[in-house]
Amino acid sequence: QVQLVESGGGRVQAGDSLRLSCVASGRTLSRYDMGWYRQAPGKERDFVATDSQSGGSAYYAEAVKGRFTISRDNAKNTVFLQMNSLKPEDTAIYYCNAENLATGEDYWGQGTQVTVSS
């Protein structure tokens, strides 16, 4: 079992930056592909970014490409999402995900709220 705890959300102005953190306990994050997803009010949960298990490949949703950066520190069992040039449409609850397709493991954090005002 893996427990994921997100932090770093908050209320900011358009153009500001935030850095989200996701700390894992239970197992080492190096076993997992790590991702960030978000869910805006009244909408489905959407993909934001993912970082492969090997750390060699990162992919982003078009809406955040060039503004957001996913990274991980396996020694600290932590994944980050650096969010720059935030827009009001980035307002959502942001969730951390750990997935291992080979074993079928799939874990989610409780989410952290990001609110961007214009």
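Phe47 is partly exposed, with a relative accessible area of 31%, where partly exposed covers the range between buried, under 20%, and exposed, over 50%, for a 1.4 Å probe and protein chains only. The model is predicted, so local features need pLDDT of at least 70 and side-chain atom pairs count only at pLDDT 80 or more, while totals for chains, interfaces and linings use all residues. Residues are numbered from 1 along each chain as its sequence is written, and side-chain values use heavy atoms, with hydrogens and water left out.

Tyr37 is also partly exposed, at 21% relative accessibility. Ring pairs join Tyr37, Phe47 and Trp108 into a cluster, a pair being two rings of Phe, Tyr or Trp (its six-membered ring) with centres within 6.5 Å, stacked if the planes are under 30 degrees apart, edge-to-face if over 60 and tilted for the rest.

## A buried tyrosine pair

Across the whole structure, three aromatic pairs are found. One of them joins Tyr32 and Tyr107 edge-to-face, at 6.0 Å centre to centre and with 80° between the planes. Because Tyr32 lies in the loop between strand S3 (18-25) and strand S4 (33-39) and Tyr107 in strand S10 (residues 105-108), this pair ties together parts that are 75 residues apart in sequence; strands here are DSSP runs (E, at least two residues), numbered from the N terminus.

Tyr32 counts as buried at 0% relative accessibility, and Tyr107 is buried as well, with a relative accessible area of 14%.

## Arginines over rings

The charged end of Arg19 sits over the ring of Phe80, 3.9 Å from its centre, and Arg45 lies over the face of Tyr95, at 3.7 Å from the ring centre. The criterion is that NZ of Lys or CZ of Arg is within 6 Å of the ring centre and within 35 degrees of the ring normal.

## The largest pocket

The largest pocket has a volume of about 160 Å³, the volume being the space filled by probe spheres set on grid points joined across faces, edges and corners. A pocket is an open set of points on a 1 Å grid over the protein atoms alone, where a 1.4 Å probe fits, with protein on both sides within 12 Å along at least five of seven lines, and lining residues have an atom within 4 Å of a point.

Fifteen residues line the largest pocket, and Arg38, Ala40, Lys43, Asp46 and Glu89 lie nearest its centre. S4 and S5 are the elements that give two or more residues to this lining, with S5 giving the most, three residues. The lining divides into seven nonpolar, two polar and six charged residues, where Ala, Val, Leu, Ile, Met, Phe, Trp, Tyr, Cys and Pro count as nonpolar, Asp, Glu, Lys and Arg as charged, and the others, Gly among them, as polar.

Notes
Helix = DSSP H or I, 4+ residues; strand = E, 2+ residues; numbered from the N terminus.
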